[in-house]
Amino acid sequence: MTMIEITHITKPDRHDIHDRIREVGGMVGSTVLWRLSLDDAIAATRLGEQFFVRRGGVQVLVERVEGGLLSNGPYLRTVPDFTGINNLLSLPELPAVNRLAQALYGNRGFGQ
């Protein structure tokens with residue numbers, strides 16, 4: 001099983017509980033290593049990929065939830081821990097997509 005660290009997300013309105021995360025991604029410094037749409041990340045979990053976030057130096061697993069009363073289909077969340085903080089939603093925003101890089105390299109594995 002592969003463990004993949006999510007370091008950034010895209011969620012335009014952080015305060016709107018009905019606005020879903022649109023993308024998850026991993027960065028080192030200012031370089032985007034990878035980015036996935038929420039649907040692609042959910043599909044990856046169905047294929048056995050395991051995502052995590054770091055909180056205070058500790059790995060917190062990300063789990064797929066198949067839906068609920070307020071959700072519009074499956075979504076990702078961190079496994080509840082002792083902090084009471086939504087570890088996934090507390091991540092910083094992924095930088096905007098560089099359209100030239102996207103045209104050359106697609107959505108994954110390009111720097112900004």
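A polar contact is a pair of N or O atoms within 3.5 Å; within protein, one must be able to donate a hydrogen and the other to accept it, and residues adjacent in sequence count only if both atoms are side-chain atoms. The model is predicted: local features need pLDDT of at least 70, side-chain atom pairs count only at pLDDT 80 or more, and totals for chains, interfaces and linings use all residues. Residues are numbered from 1 along each chain as its sequence is written, and side-chain values use heavy atoms, with hydrogens and water left out.

**Exercise 1.** Decide whether arginine 35 is buried or exposed, and find what its side chain makes a polar contact with.

Solution. Step 1: arginine 35 belongs to strand β4; strands (E, at least two residues) and helices (H or I, at least four) are DSSP runs, numbered from the N terminus. Step 2: its relative accessibility is 2%, so arginine 35 counts as buried (buried is under 20% relative accessible area, exposed over 50%, partly exposed in between, with a 1.4 Å probe and protein chains only). Step 3: the side chain of glutamate 23 makes a polar contact with that of arginine 35, at 3.1 Å. Step 4: a polar atom of the arginine 35 side chain also lies 3.0 Å from the backbone oxygen of proline 95.

**Exercise 2.** Work out which residues of helix α1 are buried and what covers them.

Solution. Step 1: α1 spans residues 38-46, and Leu38, Ala41, Ile42, Ala44 and Thr45 are buried in it. Step 2: seen down the axis of α1, the buried residues fall within an arc of 155 degrees, so they line one face of the helix; the arc is that of the directions from the helix axis to the C-beta atoms. Step 3: the cover includes β3 (23-28), β4 (31-37), β5 (50-55), β6 (58-65) and β7 (75-78). Step 4: glycine 48 follows α1 and has a positive phi, near 105 degrees.

**Exercise 3.** State the strand order of the open sheet and name its edge strands.

Solution. Step 1: the four strands run in the order β1-β5-β6-β7, with mixed pairing; two strands pair if DSSP finds at least two bridges between them. Step 2: β1 (3-5) and β7 each pair on one side only and are the edge strands. Step 3: β6 and β7 are antiparallel over four bridges, and valine 65 stands opposite tyrosine 75 in β7.

Key. Contact = heavy atoms within 4.5 Å.
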